[in-house]
Protein chains: 2
Amino acid sequence: MKRTKSSVIPSSVVRRLTEYLAYAQTFGNENGDQWVSSREIAQALGLTSSTVRQDLSHIDFCGISKRGYHVKGLRAVLEDTLGANSVWRVAVVGAGNLGMAIAQNDEFRERGFHIIGVFDKDAAKVGRSVGPLKVQHVSAMPDFVSGEGIDIGIVAVPAAAAQGVADLLIASGVRGILNLSLSHIITPRRVQVVEARLTCSLLELSHRIKYARKENK
Amino acid sequence: MKRTKSSVIPSSVVRRLTEYLAYAQTFGNENGDQWVSSREIAQALGLTSSTVRQDLSHIDFCGISKRGYHVKGLRAVLEDTLGANSVWRVAVVGAGNLGMAIAQNDEFRERGFHIIGVFDKDAAKVGRSVGPLKVQHVSAMPDFVSGEGIDIGIVAVPAAAAQGVADLLIASGVRGILNLSLSHIITPRRVQVVEARLTCSLLELSHRIKYARKENK
DNA sequence: CCTTTGCTGTGAAAAGTTTGACACCCGTCA
DNA sequence: TGACGGGTGTCAAACTTTTCACAGCAAAGG
Ligand SMILES: NC(=O)c1ccc[n+]([C@@H]2O[C@H](COP(=O)([O-])OP(=O)(O)OC[C@H]3O[C@@H](n4cnc5c(N)ncnc54)[C@H](O)[C@@H]3O)[C@@H](O)[C@H]2O)c1
Ligand SMILES: NC(=O)c1ccc[n+]([C@@H]2O[C@H](COP(=O)([O-])OP(=O)(O)OC[C@H]3O[C@@H](n4cnc5c(N)ncnc54)[C@H](O)[C@@H]3O)[C@@H](O)[C@H]2O)c1
């Protein structure tokens with residue numbers, strides 16, 4: 001009921017909020033008012049209901065007794081908290097397999113991440129179509145990024161080139177970077193980075209499999 | 001010096017171990033003995049040296065004073081701990097943009113994840129080549145998975161189909177699943193899951209950007 | 001109207017994670 | 001050879017995150 005904890009949300013909580021939002025979005029847009037309890041959310045996402053309630057206590061939204069949370073309202077508040085209701089202008093650097101897959105996926109646009117530039121250094125790739133866009137040469141990237149007011153750069157080049165590309169993006173005024181390459185990149189404090197490494201996720205999985213085997217003897 | 005803490009490694013540590021391994025692998029294979037200190041690792045990955053030493057105390061490997069850790073040895077032990085020195089047999093379900101990008105990437109094979117089957121339900125995609133493989137119809141997947149002894153399934157289908165595909169994989173004997181779709185999937189305890197959601201990473205980033213702006217006034 | 005019931009928000013305890021501090025170790029250099 | 005300096009492994013303190021327990025609210029049903 002107090003609902004003004006605000007200030008700063010711990011990052012472990014933010015990570016789960018993104019999942020709550022993904023979950024809330026699965027309900028679709030029909031108008032019928034739908035309600036969901038912390039227990040249901042917890043079950044769907046493999047958490048405890050207590051964690052869910054505690055997490056939601058960080059955002060400015062009340063559930064109501066006996067019913068739970070109003071899905072549409074919850075979704076709206078989460079979108080606001082996470083910045084998913086703004087339009088983010090995004091550029092992808094690296095038009096390889098992964099970069100092209102990302103640029104072609106509609107899911108991002110639906111969630112407010114508008115990819116409006118794709119760049120590569122390989123002349124053979126420059127000029128290829130990606131939906132309504134064309135791959136541009138990476139040398140055009142700095143002007144494009146500052147001219148178009150790009151907010152977020154997605155780095156999808158080989159590890160060895162990642163820091164260089166990131167530095168260019170930063171110098172051109174990007175405010176955040178999603179790094180998909182294997183190498184960690186370093187940024188000034190004002191530029192946020194999130195790293196997403198499929199290879200590391202697979203290694204985590206292989207460790208868990210190996211260990212689980214022992215557990216079950 | 002004691003070095004037999006073993007038993008169970010906390011998952012927060014495991015996640016970082018995967019990054020240490022990625023880092024150690026960047027040194028390449030030349031024979032010249034190379035050494036790295038906890039401070040260097042920390043700096044490269046944005047951690048504190050204390051965390052690095054604490055983490056490495058979980059694996060069966062000693063650094064030595066004044067030099068640090070022997071890169072080759074460290075790498076070997078990490079590969080062993082994480083199961084990156086075994087060969088994992090992997091199938092990808094969903095031959096869309098993302099599935100094909102993954103199947104075509106060599107990085108996984110280099111790290112022991114051998115993709116030996118790619119499946120889709122769309123007849124138009126069945127038969128396409130992916131390196132030395134051909135996309136097969138998803139109805140062939142269960143027999144293939146059990147027949148070929150697939151360990152890991154990668155789920156790259158739309159969210160709505162994810163749980164169904166996962167159930168099939170589980171019933172066919174897979175031991176772990178990497179889920180790339182937006183929806184959380186549920187598995188019996190013996191089957192490990194790791195979820196990797198690009199959309200959620202982007203949302204995390206957008207939250208951080210939004211919040212950082214406030215921080216710097 | 002009152003009672004029951006199911007679910008919320010919250011404060012505090014428990015568990016887990018990160019950081020700091022320091023003894024000790026091993027090459028290096030005088 | 002001995003003292004130094006830059007590194008390690010480890011213990012404990014500080015901090016963060018998760019879980020527990022429960023008061024209190026809102027709907028439903030007598
Ligand atoms: N494909 C995947 O499934 C996958 C999975 C996990 C991680 N990754 C990572 O994503 C990155 C890209 O993977 P990919 O499969 O798309 O590789 P890719 O080789 O298909 O594509 C890399 C692209 O980057 C371009 N490039 C290289 N240096 C560049 C530079 N300095 N500036 C601009 N462009 C440059 C290349 O021309 C190429 O087109 C890699 O770091 C890889 O580790 C890929
Ligand atoms: N492309 C990306 O960059 C990206 C990023 C993040 C997440 N994802 C997620 O990855 C998944 C796939 O993305 P995509 O871009 O490759 O989409 P896509 O539409 O290109 O591919 C999906 C493929 O799955 C196949 N499919 C659907 N149902 C199936 C079933 N029951 N069995 C077997 N195959 C089935 C479809 O025929 C299609 O080929 C989605 O869940 C998406 O959310 C993709």
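Select A:Lys125 and ligand 1. In this predicted model, a polar side-chain atom of A:Lys125 sits 2.8 Å from an oxygen atom of ligand 1.

Stay on chain A and pick A:Leu98. Here the backbone makes the approach: one of its N or O atoms lies 2.8 Å from an oxygen atom of ligand 1.

A polar backbone atom of B:Ala101 is 3.4 Å from a nitrogen atom of ligand 1. With the protein in place, 85% of the 820 Å² that ligand 1 exposes when taken alone is buried.

Next, show everything within 4 Å of ligand 1. Color by chain. Residues from chains A and B surround ligand 1, so this site is shared between chains.

**On to ligand 2**

Center on ligand 2, which lies between chains A and B. Start with A:Glu107. An N or O atom in the side chain of A:Glu107 is 2.5 Å from an oxygen atom of ligand 2.

Move to chain B and select B:Asn97. Its contact is through the backbone, with an N or O atom 3.0 Å from an oxygen atom of ligand 2. A polar backbone atom of B:Lys121 lies 3.3 Å from a nitrogen atom of ligand 2.

On its own, ligand 2 has 820 Å² of accessible area, and the protein covers 85% of it. Look at the elements behind that cover. Those giving two or more residues to the shell around ligand 2 are α5 (97-104) and α6 (106-110) of chain A, plus α5 (97-104) and α8 (159-171) of chain B. The largest share, three residues, comes from α8(B).

Ligand 2 is surrounded by 25 residues. A:Glu107, B:Leu98, B:Asp120, B:Lys125 and B:Val157 are the closest.

Finish with the class colors. How many residues of each class are in the shell around ligand 2? There are 15 nonpolar, five polar and five charged residues.

Notes: Residues are numbered from 1 along each chain as its sequence is written. Chains are lettered from A and ligands numbered from 1 in the order in which they are written. This is a predicted model: local features need pLDDT of at least 70, side-chain atom pairs count only at pLDDT 80 or more; totals for chains, interfaces and linings use all residues. Side-chain values use heavy atoms; hydrogens and water are left out. A polar contact is a pair of N or O atoms within 3.5 Å; within protein, one must be able to donate a hydrogen and the other to accept it, and residues adjacent in sequence count only if both atoms are side-chain atoms. Accessible areas come from the Shrake-Rupley method with a 1.4 Å probe; for residues, only the protein chains shown count as cover. Helices (H or I, at least four residues) and strands (E, at least two) are DSSP runs, numbered from the N terminus. Ala, Val, Leu, Ile, Met, Phe, Trp, Tyr, Cys and Pro count as nonpolar, Asp, Glu, Lys and Arg as charged, and the others, Gly among them, as polar.
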